[in-house]
Every structure is written in structure tokens, then in C-alpha cells.
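Please look through the sequence and the model shown below before reading on.

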Amino acid sequence: KGIDVAQSLKHPWKQMLKTDVVVSSFAVAVMLLIYYTLVGFGVILFSAVFGETTKAANGLQNWAWGANVVGVIVVGFLADRFRVRKPFMVVGAIGSAVFVVLLTLQVGGHPSYHHLAFLLAGITLFLGIAYAPWLASFTETLESRNPALIATGLAINGYVLRVIIFAAFLITPAIISSVTPI
């Protein structure tokens, strides 16, 4: 196609470190804070806040990740089939936000195991519905910039994600103090 491969590979970071790449990475990293919180602290959260046993708290996580797998795979196929990304991303973001609020409203109460499982499954199902089409859209954005530098764009996304998660886990304890020794 007349592309000068050597020229297209010069200054990869400069080519990919653009506003649409960084802002999109930042936004999805903020969305994924709930995901990383559940991965890192879910068992502690459900044990300390809701009084679940360690075994039951682990079981709740199984419901969450099972629903997430379903959301990612099914919506991945649907988004490709219908050739749209944004409607799925919006529905997923709104749905996960609603379920996070519903879970937050349970703090201080005594929800049943199955109610917690439903809320967690809802959060992670909708996160998957938002994330799978976002990733497809993101890689399409990278490809439109330079098909030879998709890995560089994904590295930028990975870096932004790690900085956001690191900063959040440093800042959160100063904002949310623990009421238990955990």
C-alpha cells in the first residue's frame, strides 16, 4: 500500500501518546477501580462488612467472575455482530454504576448471600458489557493512528491503568478510614 515501514516505526511513543489514547485509558482505568477493588479486597470486604465466612466471601467472588466472563464473551460477539461499540459501553457503564450504588446501600444491613451474589454479578456483568467493546474500540483507535504500533498504544494503556490504580490505593486509605483492625 505504499507505506514506508521504517518511517512508520520512528518515534512510536510520540505517535501514540495522544489525547484520545490517554484520556480513554484514564477513563477506563477509573471505571475499573471497582474491578481491582473486588479483586484485591473483595474477600476482606464481604467478611468484615457483611459478616460472611472466608469460604462464603470466596464463593461470592466466584459469582462475580462468572458473570463477568459471560458479559465479556456475549457482548464481544454482539458488538462485533452489530458493528457498534458505544451503545454497549454506555449500557455497561450505567448498569455497573447502578449495581455499585445498590451494593453500597446494603452496607450496615444484613443482606443474604444470594442477594450479595446477585449484586456482585450485576456489577461485574455490566463491567464486562462496558469493557469488551471499549477494548475493541480502543484497539481500533490505535490501529487508525498506526497499525504497526498497536502494542505501543496498549503499553500506554497499561501504564495509565497502573498509575491510576496505584494512586487510588495510596489515596483511598486517607479518605476512607477503617473501623476495624482489618
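**Helix packing in a predicted model**

Helices α3 and α7 run roughly antiparallel to each other, because an angle over 145 degrees counts as roughly antiparallel, whereas under 35 counts as roughly parallel, 65 to 115 as roughly perpendicular and the rest as oblique. This is a predicted model, in which local features need pLDDT of at least 70 and side-chain atom pairs count only at pLDDT 80 or more, while totals for chains, interfaces and linings use all residues. Residues are numbered from 1 along each chain as its sequence is written, and side-chain values use heavy atoms, with hydrogens and water left out.

**The pair α3 and α7**

- Helix α3 covers residues 19–31 and packs against α7 at an angle of about 165°, with the two axes 11 Å apart; axes are lines fitted to C-alpha atoms, for helices over the stretch in contact, and angles run from 0 to 180 degrees between N-to-C directions.
- The crossing of α3 with α7 is left-handed, a term used if the near helix is turned anticlockwise from the far one by less than a right angle, with right-handed used if clockwise.
- On the α3 side the meeting residues are D20, V21, S24, S25, V28 and M31, and on the α7 side they are L127, A130, Y131, W134, F138, T141, L142 and R145, where contact means heavy atoms within 4.5 Å.
- The residues of this contact of α3 with α7 divide into 9 nonpolar, 3 polar and 2 charged; here Ala, Val, Leu, Ile, Met, Phe, Trp, Tyr, Cys and Pro count as nonpolar, Asp, Glu, Lys and Arg as charged, and the others, Gly among them, as polar.

**The pair α6 and α7**

- The axes of α6 and α7 come within 8 Å and cross at roughly 155°, so these two helices are also roughly antiparallel to each other.
- The crossing of α6 and α7 is left-handed, and the residues of their contact divide into 19 nonpolar, 5 polar and no charged.

**Helix α5 and its surroundings**

- Helix α5, residues 54–82, has 29 residues and reaches 42 Å from its first C-alpha to its last, close to the 42 Å expected at 1.5 Å a residue, the expected span being 1.5 Å times one less than the number of residues.
- Buried residues of α5 include A56, L60, A64, G71 and A79, where buried means under 20% relative accessible area, exposed over 50% and partly exposed in between, with a 1.4 Å probe and protein chains only.
- The cover over the buried residues of α5 includes α4 (33–48), α6 (86–104) and α7.
- After α5 comes R83, which has a positive phi near 55°.

- A132 is found in helix α7, residues 113–145, and is buried because its relative accessible area is 17%.
- Not counting residues up to four places away in sequence, A132 touches V72 and G76.
- T152 lies in helix α8, residues 150–175, and is buried because its relative accessible area is 14%.
- Leaving aside neighbours within four places in sequence, T152 is in contact with P12, W13 and M16.

**The whole chain**

- The secondary structure comes to 8 helices and 0 strands, where helices (H or I, at least four residues) and strands (E, at least two) are DSSP runs numbered from the N terminus.
- Of the 182 residues of the chain, 35% count as buried.
- Among contacts between residues at least 6 apart in sequence, 75% join residues at least 24 apart.
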